[in-house]
Amino acid sequence: MDEVRLYIINFKSIGMSINDVWLDESENECLCCGGCAAICPQVFEVPGKMLVKEDVDFCQFELAIKLAAENCPTEVIKFD
Ligand code: SF4
């Protein structure tokens, strides 16, 4: 059977510009699952725990960043 992935989009968050993206482990930890990098490899890399790539124009990847954050199993991706 084919794998089906469901991405839930919070349409209220579309339209705001993103200036910063970071890993927030104050409540939960990154599971190193690689999901964020699979959704948006231009911004995220997961050599161990998730890292946000430097010198990226987040505005060009807003939808993918929001999808990654909303689908992160531990909700540790934050953006502003
Ligand atoms: S999707 Fe979330 S838990 Fe998985 S690697 Fe990315 S930040 Fe970590």
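Biologist: Does Thr74 count as buried or exposed?

Modeller: In this predicted model, the relative accessibility of Thr74 is 13%. Because a residue is called buried when this value lies under 20%, Thr74 counts as buried.

Biologist: Where does Thr74 lie, and which backbone oxygen does its side chain reach?

Modeller: Thr74 belongs to the loop that runs between H2 and strand E4 (77–79). From there its side chain comes to 3.1 Å from a backbone oxygen, which is that of Glu29.

Biologist: Which helix gives the most to the lining of the largest pocket?

Modeller: The largest pocket has a volume of about 220 Å³, and 21 residues line it, with Cys33, Gly35, Cys36, Asn71 and Pro73 closest to its centre. Two elements give two or more residues to this lining, namely helix H1 (35–39) and helix H2 (62–71). With four residues, the element that gives the most is H1.

Biologist: How many charged residues are in the lining of the largest pocket?

Modeller: Divided by class, the lining of the largest pocket has 16 nonpolar residues and four polar ones, and the number of charged residues is one.
The ligand sits in this largest pocket, yet the shell around the ligand has eleven nonpolar and two polar residues, while its charged residues number none.

Biologist: Which residues come nearest to the ligand?

Modeller: The ligand sits in the largest pocket, and there are 13 residues around the ligand. Those that come nearest are Cys30, Leu31, Cys33, Cys36 and Cys72.

Notes. Residues are numbered from 1 along each chain as its sequence is written. This is a predicted model: local features need pLDDT of at least 70, side-chain atom pairs count only at pLDDT 80 or more; totals for chains, interfaces and linings use all residues. Side-chain values use heavy atoms; hydrogens and water are left out. A residue is near a molecule or strand if one of its heavy atoms lies within 4 Å of it. On a 1 Å grid over the protein atoms alone, a cavity is a set of points where a 1.4 Å probe fits but cannot get out, and a pocket is an open set with protein on both sides within 12 Å along at least five of seven lines; lining residues have an atom within 4 Å of a point. A molecule sits in a cavity or pocket if more than half of its atoms lie within 2 Å of its grid points. Ala, Val, Leu, Ile, Met, Phe, Trp, Tyr, Cys and Pro count as nonpolar, Asp, Glu, Lys and Arg as charged, and the others, Gly among them, as polar. Grid points are joined across faces, edges and corners, and a volume is the space filled by probe spheres set on the points. Buried means under 20% relative accessible area, exposed over 50%, partly exposed in between (1.4 Å probe, protein chains only). A polar contact is a pair of N or O atoms within 3.5 Å; within protein, one must be able to donate a hydrogen and the other to accept it, and residues adjacent in sequence count only if both atoms are side-chain atoms.
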